[in-house]
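Please look through the sequence and the structure shown below before reading on. The briefing that follows goes through the model topic by topic.

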Amino acid sequence: KDKIYRKILKQINESLEDYCGDDEFKSHLSRTGFYYGWMDNYEVKYLLNELENRKCLDNKESPPNWEEIDKKATIEHIWPDSPRMWSSWTKEEKETHQKHVYNLGNLTLTFWNPSLSNKDFPDKKEMYKQSNLAIQRELASNNSWGATEVEKRTKEIIEFALKRWKL
């Protein structure tokens, strides 16, 4: 029985690796412009929901149920898609922003996207502190939000995803 189980598991793993191995998965999750292209909106939402569930378990909190996330939550750009002070930014600042704004590490779940909209991080941070979502409360521990924070969080989410969906 154990031999048959191992054989089936091996076949499943080989099939999954043919579909998308860890290196390819990591490459897709870390790419610039991640939000537009490789995964559909509901898949990004599901990934972030799984991250939320992990954070809740780590904090000994009850995670939100998927139905509520699926129906009511939206995906929020932490570093705003259209920052308020865009016109006063330098060319280099604009290029850095464009390179990072659609990356996985710049995305979170929220129930208040219209309220957060294009606010700067210090304003969002105050709302994140009050959030019922662990992933938003964790964001509030940052003093600022920019390219460095997006890159760091992207790496953390990728590490989580590789462990969560380990082949």
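**The nonpolar cores**

In the largest nonpolar core, which has 24 residues, the members that touch the most other members are Leu-29, Phe-34, Val-44, Leu-47, Leu-48, Leu-107 and Leu-109. A nonpolar core here is a set of buried Ala, Val, Leu, Ile, Met, Phe, Trp, Tyr and Cys residues joined through side-chain atoms within 4.5 Å, and buried means under 20% relative accessible area, exposed over 50%, and partly exposed in between, with a 1.4 Å probe and protein chains only. This is a predicted model, in which local features need pLDDT of at least 70 and side-chain atom pairs count only at pLDDT 80 or more, while totals for chains, interfaces and linings use all residues. Residues are numbered from 1 along each chain as its sequence is written, and side-chain values use heavy atoms, with hydrogens and water left out.

- At least two residues of this core come from each of helix H2 (22-30), helix H3 (41-58), strand E2 (107-110) and helix H9 (147-164), where helices (H or I, at least four residues) and strands (E, at least two) are DSSP runs numbered from the N terminus.
- Helix H9 gives the most to this core, with five residues.
- A second, separate core of 11 residues includes Leu-116, Phe-121, Tyr-128 and Val-150.
- In soluble globular proteins, nonpolar side chains tend to be buried together.

**Helix H7**

- Helix H7 (residues 121-129) has Phe-121, Lys-124, Lys-125 and Tyr-128 as its buried residues.
- Seen down the axis of H7, these buried residues fall within an arc of 110° (the arc of the directions from the helix axis to the C-beta atoms), so they line one face of the helix.
- The buried residues of H7 pack against strand E1 (74-77), E2, helix H6 (113-116) and helix H8 (134-139), with contact meaning heavy atoms within 4.5 Å.

**Thr-154 in helix H9**

- Thr-154 is placed in helix H9, and it counts as buried because its relative accessibility is 7%.
- Leaving out residues up to four places away in sequence, Thr-154 touches Leu-29, Ser-30, Asn-103, Leu-104 and Gly-105.

**Ser-82 in a loop**

- Ser-82 lies in the loop between E1 and helix H5 (91-100), and with 41% relative accessibility Ser-82 counts as partly exposed.
- Although Ser-82 and Val-101 are 19 residues apart in sequence, they are 9.3 Å apart in space, C-alpha to C-alpha.
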